[in-house]
Amino acid sequence: MKLRSKIQATALVAFVIASFASFATPSLAQDASPSPATKKITFVVGTTDDITTANPFAASTTSTDYEMLFLTYDMLQNYDPATLTAAPGVAESYTANADGTEYTFKIRDNQTWSDGKPVTAHDVAFTYNFIMQNEGTGAFTTYLGSKDAYDPKTTFTAPDDTTFIWKLKSPSMAPTAIPYIPILPEHVWSKFQGVDAGALKGYDAMPQVSDGPFKLVEWKRGELIRFEARDDYWGGTPHVDEVVFRIFENQEAEVTALKAGEIDAMNGLTSDLFESLDGVPGITTLAGKTPTGYNLALNLAVTDHNDPNWPGNTYSWYTSTSTGSPALQDVRVRRAIAYALDKQSIIDNVLGGHGTVGDSFISPLYSWYSPPSPEYDYLTTQNMEKAKQLMDEAGFRDSDGDGVREEKDGTPLTFDLLVLANNDYSNQSGKFVKEWLQELGWKVNLMPMSGGSINQRWYKSDYDGYIWYWGDEPDPNFMLSIFTQAECLNWSDTCFTDPEYERLYKQQLAETDVEKRHEIVAKMQDIFYDQAPEQWLFFVDDLQAVRSDKWEGFVHIPEPNGGYIYSWGPATYINVQPKAGGGTTSGESGGTNAFVFIGIGALVLVVLAFVFRGRARKAEDEG
Amino acid sequence: MSAVSAPTGERSARQIAWSRRLRAGKASWAIYRTSGIGLAGLAIIVAFVVIALLAPLLANKSGTLITYVAEQHQPHNAPPSLAYPFGTDHFGRSVLTQVIWGARVSLLVGAIATLGALLIGSAIGLSAGFFGGRVDGILMRLTDWFMVIPWLGLALVLAAIMGKGLVSIITVIVITSWAFPARVIRAQSWAVSSRPFVERARAIGSRDSHIIATHILPNSMPIIFTQMVITGASAIYTESLLSFLGMGDPNSVSWGTTLEDAFNQGALTAGHWWQIVFPGMCIILAILALTMIGYAFDQVLNPRLRDR
Amino acid sequence: MSASYILKRVLAAFVTLLFILVFNFFLFRTLGDPVKLIARDQQMSVDEQDALRKQLCLDRPPLEQFTQCYMPQLLHGNLGQTASGDDVSTLIWDRIPKTLLLTGTATLLATIMGVWVGIKAGWKRGSRFDRWTLMTSMTFYSTPEFLLGMFFIIVFAAWLGWFPISGYQNVVTPTTGFAHVLDVLNHLFLPCLTLTLGYFGEYSLVMRASMLDVVAEDFTTASRAKGIRESEVRNRHVVPNAMLPIITASVLYFGFIIAGAVGVEYVFSYPGLGLLTVDALDSTNLALLEGLFLFFSAAIIVANLVADVLMGYVDPRIRYG
């Protein structure tokens with residue numbers, strides 16, 4: 001026994017010594033960090049959205065997908081950060097022929113790919129041809145002038161290294177709009193010719209060959225994305241050495257990291273967290289105006305999918321009949337739904353006031369926006385009596401007094417409302433919309449799910465409504481297109497069709513006179529207001545926060561109060577630089593590592609105390 | 001076999017059996033009553049049930065509607081106060097109201113799921129113990145398999161297939177909870193079935209179903225009851241975890257969904273502790289209460305566990 | 001314990017595994033046509049869909065699918081691919097070490113603590129120690145781990161700032177060597193503490209009940225009558241017998257160990273299998289869910305087998321019987 005207690009005593013002493021020793025080591029660990037001279041300047045962005053893939057053709061789902069493309073690729077024309085109008089990109093300038101059927105772009109000769117090879121007009125022609133010829137490029141085809149441009153007479157050619165020619169079958173303004181298409185290196189992608197681009201696997205090899213201000217060098221799925229600055233970018237060398245996106249599971253962790261200096265910028269804050277950061281020293285908050293709007297889409301797809309005129313028949317993956325409530329086909333019902341919504345209340349309660357009521361699908365930030373005439377008051381104000389009146393007029397009454405209206409044949413009106421489970425704005429707006437629709441007499445089934453699941457049901461036309469969002473681009477063509485018949489089961493939320501709208505759409509596509517085009521676009525918005533195929537709930541402010549004590553050079557995209565990051569371009573990343581005396585810290589949130597040892601040491605001591613007491617007691621027992 | 005009509009002055013066999021059970025029940029209760037733990041648990045559960053039943057009287061149901069709360073301009077994220085004893089959540093809803101109405105769903109799901117699990121478990125357990133042999137072997141193999149299914153994995157799959165909501169949660173709980181009680185009940189059923197009087201009943205020619213219903217089942221009731229309580233505790237745990245992870249019913253309020261809301265809104269870092277602590281305490285208390293009841297009842301059944 | 005005992009157990013495990021495989025197979029096939037899912041993601045033509053269908057063996061009757069494609073693939077460790085093309089087995093394999101670190105440590109500590117407390121409480125029933133630890137054990141047992149984790153975060157991470165609120169390591173400036181170990185420990189502390197306390201209740205209660213059972217047995221009285229010292233009675237006679245149910249209890253508890261780990265990983269954003277599971281649900285990643293379901297089931301089956309064999313060694317009735 002004596003030997004045993006001696007051993008125990010030694011063990012206890014050893015533990016205590018070890019604990020003290022470990023107290024000393026945190027300081028050692030800090031000394032081991034690299035000296036400032038060799039330290040990289042890293043700008044760290046926090047996000048809860050990972051990229052989907054490094055393949056540009058499939059990177060069109062999350063917000064970080066788009067941000068990655070802005071960081072790494074140039075487009076034929078880039079967005080001017082201040083105004084979001086066309087600015088030189090891969091092309092320095094362009095000229096058009098008299099009737100707008102042939103556009104000649106002068107490609108700059110001082111741009112290189114990140115592997116050193118020069119960017120030429122051949123890369124542009126290759127990219128555009130690749131998009132037209134290969135499968136799986138649907139993310140970009142619409143920018144090449146809508147499906148009408150799938151005409152053999154549309155050609156993309158590069159007669160020499162610095163000239164790119166875009167010929168169209170008929171007059172079109174498409175080439176003047178900034179085509180949201182990253183230019184890809186022919187020498188890397190030509191081997192994928194004939195392949196389904198969206199399904200490409202193995203295109204994750206790092207680093208990526210790209211021509212933007214940064215190149216993608218590392219991607220640890222779910223953890224981080226690392227971009228290295230290029231010193232041979234024609235638009236200027238970024239002041240930072242690298243940009244790292246650190247991926248978090250939730251916002252609290254992000255906010256804590258921001259406060260501790262582990263990250264330098266974050267966006268997409270909830271209004272609660274945003275308010276809590278207001279006034280925190282070293283941090284600047286920004287409610288950036290954005291053209292991103294959330295919409296309540298209604299399912300207007302016809303119920304008979306055997307109808308040969310229905311676009312759904314051309315898509316082989318479509319299988320079932322639309323389950324959209326037939327009531328939605330009646331415009332009075334759609335207007336009733338609009339009357340039931342109090343959009344300002346949603347902004348106040350869900351966005352904490354940081355947003356603008358939506359009426360048009362075009363953002364008021366852009367010149368193309370045309371406000372509705374006063375008769376369309378359902379777009380902006382709630383009027384539950386009028387809403388109920390319209391429903392009665394349309395013939396949907398509650399005959400059995402259970403609070404739910406019925407169709408003529410007695411089936412109760414049910415509304416499957418799909419919302420994005422992980423998107424607060426969609427999810428919470430959905431809760432409000434559900435309650436209002438219930439008051440209006442619908443039986444609402446609120447279904448939060450992933451974006452992928454919503455997509456599935458959308459392709460089966462199995463929903464009544466969903467709440468999603470669109471980020472309007474500066475040129476309205478794309479947003480206009482989603483209400484055309486051709487986009488049903490591609491980009492259309494509703495499968496809405498209107499012959500006059502179709503006619504106007506083709507007209508604006510070919511209209512090269514800017515003022516005339518404005519008029520046409522205004523008329524199209526009027527049809528949208530009148531027919532109310534969906535309701536634009538609000539345009540959001542992107543709530544951002546940055547460490548202004550360590551960094552300067554943040555750029556509003558667009559001026560004067562657009563967001564710094566996750567907007568329409570990489571200007572902030574290029575321009576930002578450490579403030580004198582600033583730079584990144586490797587500081588860890590949650591204090592030093594010392595507490596681990598306090599904790600472990602304490603536990604060990606407690607356990608040992610118990611053991612010894614037990615032994616003492618046992619000694620009493622015996623005998 | 002119907003009760004033999006008794007001659008005047010004597011009681012029928014059935015009456016004798018029932019009066020014996022009543023006495024046994026009273027004796028059990030006498031033992032149960034000595035356990036402070038058991039009584040406390042009972043009191044807590046009764047309190048929760050009463051609160052759930054009286055919900056419409058205790059809290060305005062509109063208080064769970066965010067549109068109503070928005071119109072009333074209730075404060076968002078307010079800490080506990082006289083007006084809002086449990087504080088308010090992100091939308092301004094009183095957490096107390098959420099908890100009261102949430103009790104209904106949490107307890108109801110627990111109760112239904114437990115009932116379902118025990119119905120299946122009892123049926124299988126009683127049959128296995130009674131019939132023995134081949135039947136027992138097959139049923140126990142089946143039970144083994146179901147005990148192995150990871151309930152969380154299954155829950156996720158069912159949520160993906162059936163959609164989120166109470167039906168898929170109850171289904172998961174039933175599927176994954178019936179196996180363990182089935183085993184325990186089987187042991188009891190086997191013990192009872194080997195007793196002489198069952199042999200006699202068989203010899204007389206009573207139908208199997210009759211024997212099970214009138215002899216095996218009543219003698220297994222105590223075990224079944226204990227299993228119900230234990231399963232109930234884990235059902236509440238399961239519902240709260242699944243709802244918290246996002247598989248709950250988006251159309252109703254439960255303790256788990258209240259926690260889910262709070263967590264997603266950053267209650268932890270924003271310091272809105274009341275949104276987590278109060279619903280959390282309810283969950284803990286409910287599970288604890290059932291556990292205590294189960295513990296006390298164990299003492300009734302197993303004298304070795306009793307305080308001397 | 002004979003070889004036939006082990007063999008029977010192993011065989012039983014295989015049969016159970018087969019059942020799980022069949023269950024898994026049909027469960028996921030009821031979800032509808034997986035080709036349609038992938039097709040619209042990548043806008044495939046009809047020909048491409050047919051080719052994919054053939055590749056996934058979906059053009060054959062279910063039985064053939066099971067024997068010709070599903071099983072052979074599984075035997076090669078191929079759990080299929082997600083809609084975006086990632087290999088499921090790799091995704092799962094990468095996450096195992098982190099979860100093992102967290103859950104393994106917690107289970108070990110919880111078992112040691114729980115057994116120790118249970119022995120002491122059961123031996124001295126009615127003492128102050130017993131009464132306090134009984135209530136404590138029951139309370140921890142009744143507390144869902146994710147709740148406990150949130151309470152700890154509120155107090156220790158958000159309010160006091162002693163520990164980081166989430167994650168596994170400092171991702172932006174990675175550390176190496178000993179500093180790395182410290183970093184990981186720092187992040188691991190709260191989640192591990194949460195799981196340990198959450199699991200401990202079960203072990204403590206089972207051990208205590210088991211002790212009470214054994215203490216009441218005749219042979220205990222006999223040992224005492226023989227004049228053997230109390231401590232000897234406890235350590236040599238009672239405890240070894242009382243330990244047996246712990247093994248069975250641990251295995252039965254396994255499903256809750258997994259659930260607890262998932263909840264805690266989610267709350268702490270700890271990048272292990274649990275978090276992967278929640279992510280899979282969020283994005284309705286069916287291939288990944290299927291793989292995880294199989295993995296967890298297999299883990300439970302293996303745990304059962306290990307417990308059975310262990311019982312074979314430890315339980316004298318089986319060992320010598």
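## A parallel strand pair in chain A

Strand 14 (residues 414-420) of chain A runs parallel to strand 15 of chain A, and 7 bridges join the two; strands pair here if DSSP finds at least two bridges between them. Helices (H or I, at least four residues) and strands (E, at least two) are DSSP runs, numbered from the N terminus. This is a predicted model, in which local features need pLDDT of at least 70 and side-chain atom pairs count only at pLDDT 80 or more, while totals for chains, interfaces and linings use all residues. Residues are numbered from 1 along each chain as its sequence is written, with chains lettered from A and ligands numbered from 1 in the order in which they are written.

Within the pair, Met447(A) of strand 15 stands opposite Leu418(A). Strand 15 (residues 443-449) of chain A has 5 of its 7 residues buried, so it is largely enclosed by the rest of the structure. Buried residues have 20 or more other C-beta atoms, placed from the backbone, within 10 Å of their own.

## Nonpolar cores

A nonpolar core is a set of buried Ala, Val, Leu, Ile, Met, Phe, Trp, Tyr and Cys residues joined through C-beta atoms within 7 Å. The largest one has 246 residues, and Val124(A), Ala155(B) and Leu289(C) have the most contacts inside it. Helix 14 of chain B gives the most to this core, with 18 residues. Another core, of 83 residues, lies apart from it and includes Leu351(A) and Trp470(A).

Take a look at Ala155(B): beyond its neighbours within four places in sequence, Ala155(B) is in contact with Val172(B), Leu242(B) and Met247(B). Contact here means C-beta atoms, placed from the backbone, within 7 Å.

## Where chain B meets chain C

Chain B brings 36 residues to this contact and chain C brings 45 residues. On the chain B side, the helices that each supply at least two residues include helix 11 (208-247) and helix 14 (274-301).

## Chain C on its own

Chain C has 14 helices and 0 strands. Of its 321 residues, 46% are buried.

An automatic or database assignment divides chain C into domain 1 (3-75) and domain 2 (92-320). Between them, 11 residues of domain 1 are in contact with 13 residues of domain 2.

Terms used. Two residues are in contact if their C-beta atoms, placed from the backbone, lie within 7 Å. A residue is buried if 20 or more other C-beta atoms lie within 10 Å of its own, exposed if 12 or fewer, and partly exposed in between; C-beta atoms are placed from the backbone.
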